[in-house]
Amino acid sequence: MPDNNNPNILGTEKIGRLLMKYSIPAIIATAASSLYNIIDRIFIGHGVGPMAISGLALTFPLMNLAAAFGSLIGVGAATMVSIRLGQRNRESATAFLCNAFVLNITISIVYAVVMFIFLDDVLYAFGASKVTLPYARNFMQVILCGNIFTHLYFGLNNIMRASGYPTKAMITTLLTVGVNLALAPLFIFAFKWGIRGAALATVFAQIVGTTWVLIHFMSKSSYVHFTKGYFKLKIQIFRDIFLIGMSNFLMLICATLVTIIINIRLAKYGGDFAIGAYGIINSIGSLFAMIVLGFNQGMQPIAGYNFGARQFDRVIRVFKVTLVAGTSVTIFGFLLAEIIPHFLANAFTSDRQLIHLATVGMRISMVMFPIVGFQMVTTNFFQSIGKAKISIFLSLSRQVLFLIPALLILPHFFGLHGVWAASPTADFISSLITLMVLQYQIKKIRLA
């Protein structure tokens with residue numbers, strides 16, 4: 001196995017160089033994926049119509065829910081693989097990989113079947129109207145048919161990165177993005193398949209990504225790979241994966257609930273166009289959040305390995321460097337959202353009403369965006385070192401304790417503007433809580 005893929009360098013090489021080595025591929029991958037989503041929605045907005053953007057926004061909760069289950073397995077297993085490799089226990093890391101493979105297949109099939117049966121009822125509950133339901137239904141039916149590939153692609157790619165192959169993990173995402181970008185305009189504009197064409201392009205792309213990842217883990221030259229005798233589910237492995245992955249899972253579950261509430265409130269105070277505006281705002285914000293996620297993904301194996309090896313100075317160092325990088329990204333996103341929101345919204349649609357709603361909503365909802373980077377990095381840091389309960393608490397505090405109440409209360413006083421103001425309100429309060437928890441935990445790590 002090549003030295004530059006050996007995870008043991010996580011405990012010896014300079015932190016800054018390591019973070020760049022692991023983060024840059026992840027950032028390229030996550031940013032490319034987010035850019036694809038933006039371009040795909042631009043294709044849909046101009047090729048299908050403004051109501052198609054609203055219909056697509058209604059599918060966000062279902063997509064988040066699918067991602068939650070995939071993250072539960074993928075992030076949990078990836079973190080445990082990093083920690084086991086830091087403890088020089090490759091056999092245990094292999095067991096986590098193989099168990100994660102089985103769990104991803106099982107959960108993805110169950111989720112797809114259940115959602116397919118109740119799809120219309122679920123979409124109506126999420127705020128769909130008779131106008132937007134057909135778009136949302138047509139998109140999700142195709143996505144659910146390919147759900148198994150979505151889970152395997154995201155879950156195993158996390159483990160690939162954590163086991164010493166950040167560049168290869170980046171290539172996985174670039175492959176899927178490339179296939180997606182090639183097929184989406186063909187299916188939407190040339191074949192006239194509308195929003196189903198966009199979904200088909202996504203599924204075909206994820207099949208390609210899944211194939212690439214499976215080939216990697218089937219190869220015995222990979223540092224951690226599929227091995228006979230390790231696929232039988234073990235309670236302890238199952239428990240560890242779920243415990244560590246639970247933070248991301250609950251965060252995404254809460255994000256799903258929040259998105260449902262947002263769509264319902266937007267439908268009440270702004271109608272279908274307001275839901276479409278949220279789809280545009282979410283696309284822009286997600287781009288910068290995904291870049292921060294790339295830094296977090298780079299930090300995760302470094303922090304996990306060194307925590308397992310009890311090199312706590314290196315653990316704190318990688319957190320600080322990642323924190324500066326992540327916050328810088330969200331500050332830049334904030335500046336764009338406040339200075340040129342009209343230009344950003346105009347890229348998605350030529351409908352004036354939709355552009356106006358997205359412009360106003362973007363300026364309000366992203367006013368506290370600079371501190372979002374701090375929240376994301378800190379929450380992921382605790383998850384990376386196995387402190388799942390703290391990570392879960394920080395994830396839930398913003399969504400459940402602050403954001404949901406804000407969504408329920410503020411619109412009564414400020415109407416549609418109150419819906420937009422809920423996110424920055426929750427960001428500000430939860431950041432104060434996060435800062436206090438961080439200061440206490442850093443002291444404990446330094447005394448360990």
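This is a predicted model: local features need pLDDT of at least 70, side-chain atom pairs count only at pLDDT 80 or more; totals for chains, interfaces and linings use all residues.
**Exercise 1. How many of the 37 residues of H11 are buried?**

Step 1. Apply the cut-off: buried means under 20% relative accessible area.
Step 2. Count the residues that pass. The count is 28 of 37, so H11 is largely enclosed by the rest of the structure.
Step 3. Turn to the largest nonpolar core, which has 110 residues. H11 gives the most to this core, with 16 residues.

**Exercise 2. Which residues have the most contacts inside the largest nonpolar core?**

Step 1. List them: Leu62, Phe139, Leu266, Phe381, Phe382 and Leu407.
Step 2. Take Leu62 and set aside its neighbours within four places in sequence. Its contacts include Tyr111, Met115, Phe126 and Met140.
Step 3. Look for another core. A second, separate one has 38 residues, among them Ala100, Val213, Leu214 and Ala388.

**Exercise 3. Which elements give two or more residues to the lining of the largest pocket?**

Step 1. Note the space in this pocket: about 190 Å³.
Step 2. Collect the lining. It includes Met80, Ile83, Asp240, Leu243, Lys389 and Ile390.
Step 3. Assign elements. Helices H3 (60-86), H10 (235-269) and H16 (388-414) each give two or more residues.
Step 4. Sort the lining by type. It divides into six nonpolar, one polar and three charged residues.

**Exercise 4. Is Ser397 buried or exposed?**

Step 1. Check its relative accessibility. The value is 1%, so Ser397 counts as buried.
Step 2. Find its contacts, leaving out residues up to four places away in sequence. Ser397 touches Phe402 and Ser430.

**Exercise 5. Which residues does Asn180 touch, not counting those up to four places away in sequence?**

Step 1. Locate Asn180 in helix H8, residues 166-190.
Step 2. Check burial. Asn180 has 6% relative accessibility, so it counts as buried.
Step 3. List the contacts: Tyr36, Pro185, Ala201, Thr202 and Ala205.
Step 4. Asn180 and Ala198 are 18 residues apart in sequence, and their C-alpha atoms are 8.4 Å apart in space.

How values were computed. Residues are numbered from 1 along each chain as its sequence is written. Side-chain values use heavy atoms; hydrogens and water are left out. On a 1 Å grid over the protein atoms alone, a cavity is a set of points where a 1.4 Å probe fits but cannot get out, and a pocket is an open set with protein on both sides within 12 Å along at least five of seven lines; lining residues have an atom within 4 Å of a point. Grid points are joined across faces, edges and corners, and a volume is the space filled by probe spheres set on the points. Helices (H or I, at least four residues) and strands (E, at least two) are DSSP runs, numbered from the N terminus. Ala, Val, Leu, Ile, Met, Phe, Trp, Tyr, Cys and Pro count as nonpolar, Asp, Glu, Lys and Arg as charged, and the others, Gly among them, as polar. Buried means under 20% relative accessible area, exposed over 50%, partly exposed in between (1.4 Å probe, protein chains only). Contact means heavy atoms within 4.5 Å. A nonpolar core is a set of buried Ala, Val, Leu, Ile, Met, Phe, Trp, Tyr and Cys residues joined through side-chain atoms within 4.5 Å.
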